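Please open the model in your viewer and keep the selection tool at hand. The stops below proceed from a chain position to strands, cores, the ligand and backbone geometry.

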Amino acid sequence: MHILGIDVGGTGIKGAPINTETQEFLEDRFRVPTPKPAKPKDVVASIKEIIAHFNWTGPVGIGFPTVVKNGKAMAYSNMHKSWKGVQIDNLITKETGLDCTVINDADAAGLAEVYYGAGKDIKGLIAVITIGTGIGSGLFYNGKLIPNFELGHIRYKKKPIEKYAANSVRKEEELTYEKWAKRFNIFLKNVELMCTPDQYIIGGGISKHMEEFEGYLTTKIPIIPAQLKNHAGILGAALGYIDKNS
Ligand code: BGC
């Protein structure tokens with residue numbers, strides 16, 4: 001099936017048409033900056049820009065960076081607060097006339113990694129952790145998604161731990177990889193207090209530099225970088241459409 005996958009992120013909104021049978025990108029991905037503030041009207045305009053760029057008239061699968069239940073934003077995380085309660089899938093369909101499904105962005109990236117990337121042959125409990133503006137998480141048991149695990153919202157120092165250990169914080173506070181890794185290590189240890197994954201898969205831009213920080217992580221759980229890099233979110237968003245409609 002050909003689906004337009006769109007990955008809505010804290011800094012960029014990226015899309016590409018995907019052949020979900022072959023996981024092939026049918027065209028180069030197209031990116032627009034995330035509007036600031038990221039209010040529904042403006043984000044929808046960016047999504048429409050991506051749809052227009054590809055002259056797309058088929059189904060659309062979206063990965064969205066907050067808790068999404070049956071296409072509805074249950075929270076707003078790093079997006080504008082007016083997203084909370086929005087039935088995103090219906091809004092996009094109303095605005096574009098296209099069939100659309102929406103899932104959490106890290107669940108989407110996880111779907112791509114577990115089906116076709118670093119987690120392909122791994123059984124048991126896999127935690128895919130995406131590190132960017134926030135910390136996203138997709139949990140999978142024997143290849144099946146357990147949706148909306150918000151591990152980045154574990155409380156630490158009275159705040160969601162992503163406000164302490166996300167990649168955006170490393171950049172803002174100009175932390176060395178060592179300093180940042182010690183924070184990320186606290187995150188991993190907290191995850192392990194709640195569940196004991198068999199495997200961590202680390203995604204987001206920083207995973208390209210894993211050799212710079214993995215030496216500072218003391219977790220005993222095997223940890224590997226994601227494989228699909230910045231393709232995971234878009235591919236996973238398209239796979240989310242298949243997942244919801246199968
Ligand atoms: C959100 C998650 C999202 C993650 C990565 C967090 O702030 O709460 O839903 O997956 O950021 O974008």
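Relative accessible area sorts residues into buried (under 20%), exposed (over 50%) and partly exposed (in between), with a 1.4 Å probe and protein chains only. This is a predicted model, in which local features need pLDDT of at least 70 and side-chain atom pairs count only at pLDDT 80 or more, while totals for chains, interfaces and linings use all residues. Residues are numbered from 1 along each chain as its sequence is written, and side-chain values use heavy atoms, with hydrogens and water left out.

**Stop 1**

Select N245, in helix α8 (residues 232-245); helices (H or I, at least four residues) and strands (E, at least two) are DSSP runs, numbered from the N terminus. N245 counts as partly exposed because its relative accessible area is 47%. A polar atom of its side chain lies 2.7 Å from the backbone oxygen of Y241; a polar contact is a pair of N or O atoms within 3.5 Å, where within protein one must be able to donate a hydrogen and the other to accept it, and residues adjacent in sequence count only if both atoms are side-chain atoms.

Next select T20, in the loop between β2 (12-19) and β3 (24-25). T20 is buried, because its relative accessibility is 7%. Leaving out residues up to four places away in sequence, T20 touches M1, I3, Y116, A238, L239 and I242, where contact means heavy atoms within 4.5 Å.

**Stop 2: strand β14**

Select residues 199-203, strand β14, in which 5 of 5 residues are buried. In a regular strand the side chains alternate between the two faces of the sheet. On one side of β14 lie Q199, I201 and G203, and on the other Y200 and I202.

Which strands pair with β14 in the parallel sense? Strand β9 (residues 125-131) runs parallel to β14, joined by 5 bridges, and strand β15 (residues 223-225) pairs with β14 in the parallel sense over 3 bridges; pairing requires at least two DSSP bridges between two strands. I129 is bridged to I202, and I201 to I224.

**Stop 3: the cores**

Now display the largest nonpolar core, of 29 residues, where I129, W180, F184, F187, Y200 and I202 have the most contacts. Such a core is a set of buried Ala, Val, Leu, Ile, Met, Phe, Trp, Tyr and Cys residues joined through side-chain atoms within 4.5 Å. Among the elements that each supply at least two residues of this core are β9, β14 and α6 (177-194); α6 gives the most, with 6 residues. Centre on W180: beyond four places in sequence, its contacts include I131, A165, R170, I206 and F213. Apart from this core lies another, of 27 residues, among them I6, V43, W56 and V86.

**Stop 4: the ligand**

Select the ligand and the 13 residues that surround it, the closest being S77, D105, E150, H153 and E162; the cut-off is a heavy atom within 4 Å.

**Stop 5: backbone geometry**

Most residues other than glycine have a negative phi, and most peptide bonds are trans. The bond from K36 to P37 is cis, with omega near -10°. N70 has a positive phi of about 45°, and E174 one near 50°. E174 lies in the loop between α5 (167-172) and α6.
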